[in-house]
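Here are some notes on the aromatic side chains. Please read them with the model open.

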Amino acid sequence: MSHPSRRTVLRASLAASGGGLLSSCTGSAGDARSGPQGYGSRRTFVPDGPRGYVDPSGPEVLAAERARGSGRVRTYRITAAEASLDLGGRTVRTWAYDEAVPGPLVRASAGEVLDLTLANRLPALTTLHSHGIRLRCDMDGVPGLTQPPVRPGTDFRYRFTVAHPGTYLLHSHVGMQSDRALYAPLVVDDPREPLAYDAEWIVVLDDWLDGVEGSTPDEVMGRLRPGGAMAPGHGAMGAERPGRGSGGAPSDRPATGRETAGPSRVLHRSRSRMLHGRAGHVAYPHYLINGRLPENPSVFRCRPGDRIRVRIINAGAETAFRVALGDHTMTVTHTDGYPVRPKETDALLVGMAERYDVLVTAGDGVFPLAAQPEGKRGRALAVLRTGRRTRALPPVGARPDELDGRTVPARRLVPDDSVALDDREPDREMRIRITGGMEDFDWGFDHQAYSPQRRRPVRAGERVRLTLINATDMWHPMHLHGHTFSLTGLDGAGARKDTAVVLPHRKLVVDLDADNPGLWMLHCHNLYHSESGMMTVLGYRR
């Protein structure tokens, strides 16, 4: 996705709503077309579960939202529907936002209110999750926990204040849907942006199989599980693909996991030194940057010497990417939306749903931006082109030397002083074991599969130390909704993140402030793991 300079972007952003994706959103009171209390609906969603916990639309949630303030309203409408997409020479039938991959860029400034209507025109239930945003709980998009799923033919209005600038991600949080094209970049600009740069390049990475030789994510999931059983995640809750009842009306019957007869995509040999073992389970036929295959890559154009802010987003479902720009050094400035002390590197390892912002000074020529799927065959490619001279694009198999150069892990990044957690002893310590294995594909926490009724209690105002102990032979990118946490292990607090990698037979220790009341999911962002049951809930006690 190529974008103009920051100055041009900000001028366009301040030009307010109007054409294109921006439109007003309406919803009738008390139906599935509206969001929760306060935004056009008389009803609120209360999930099943034990008493004594804050409800997603409870008074504590509303008070936290009021404290975030409310600025100018940015209004968007996104339609989820079946679509035929051109990946750059190959057309696939899939599900997408606004018939594009990635979906449309959603943009606001910190302190503004995002008013986003999801129009569901899929033959399935769906939701929309704003990954990484510290938002009000009833806008989090988790079916059965923070809202009922959005039924086919209806709309849902998500409205919340975006308090912190950064690079984020929108995606479906139902079943295997985000392994299709149901994702889009979300950028929150800083009205007092301290970085100086001439241009912005949004880079969205993805692993792709949907619609290729009959493959679907559900079918691949069925092959991974013994006997093709459906997973105990959102899909098994009946929120993935309605069947057809009498008269063709949607029902909540989940998919079987074996809807097509595509080739086996099960990856049997996948080793990665950087990930300390097996890299993944799925052999994807394609890897994309900004929705394009390497044979016909997207091209970003600027002038030699321009300072470029590159926002790197891994929207993949099951693949970590090692990313480098040929003949360039990158300076890391942010991870998961939060600033860090600038750190030079040749390459970055980006796990699923992680985001990194880097600065590069463009050379004169044509340069490959390569994303190597870690431990897998294939490559994703985009191109940086500067100057006016006509030069050939890099070859499809271009592999910059920088991919084998310095790689700075997140644990070595130091938070900017403006976002570093203060030095404080934890009020609560929580230990969770990551369990399961590849043979039975029974991923979970503490040997238990996900249940929205099972809560891990915290209280507002606490400093919580969370220790994730990986007792498996696989790496896991762990994501916490509605919060950021600080990595520990450095001298003082580590980088602020919302998604972090736990290597096999290692542990990850993070500190977080319980400052956003609600019911919040903690899960592995390997979609095939989470939909097998590797999800749990942090619940605020009343």
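1. First, a term. A residue is buried if its relative accessible area is under 20%, with a 1.4 Å probe and protein chains only. By that cut-off Trp201 is buried, and Phe300 is buried too. Keep in mind that this is a predicted model.

2. How many aromatic pairs does the structure hold? There are five. A pair of rings is described by the distance of the centres and the angle of the planes.

3. Take Phe156 and Tyr158. Their ring centres are 4.6 Å apart. The planes meet at 50°, so this pair is tilted: stacked needs under 30 degrees, edge-to-face over 60. Phe156 has a relative accessible area of 7% and is buried. Tyr158 is buried as well, at 1%.

4. Now Trp201 and Phe300. This pair is stacked, with 4.9 Å from centre to centre and 10° between the planes. Where do the two residues lie? Trp201 belongs to strand β10 (residues 199-208), and Phe300 to strand β14 (residues 299-302). The pair therefore ties together parts that are 99 residues apart in sequence.

5. Tyr284, Tyr287 and Phe321 are linked by ring pairs into a cluster.

6. Tyr53 deserves a look for its charged neighbours. Which arginines lie over its ring? Arg455 lies over the face of Tyr53, at 5.5 Å from the ring centre. Arg541 also has its charged end over the Tyr53 ring, 4.5 Å from the centre.

How values were computed: Residues numbered from 1 in each chain as written. Predicted model: local features only at pLDDT ≥ 70, side-chain atom pairs only at ≥ 80, totals over all residues. Heavy atoms only, no water. Phe/Tyr/Trp six-rings, centres within 6.5 Å; stacked < 30°, edge-to-face > 60°. Buried < 20%, exposed > 50% of the residue type's maximum accessible area, 1.4 Å probe, protein only. Helix = DSSP H or I, 4+ residues; strand = E, 2+ residues; numbered from the N terminus. Lys NZ or Arg CZ within 6 Å of the ring centre and 35° of its normal.
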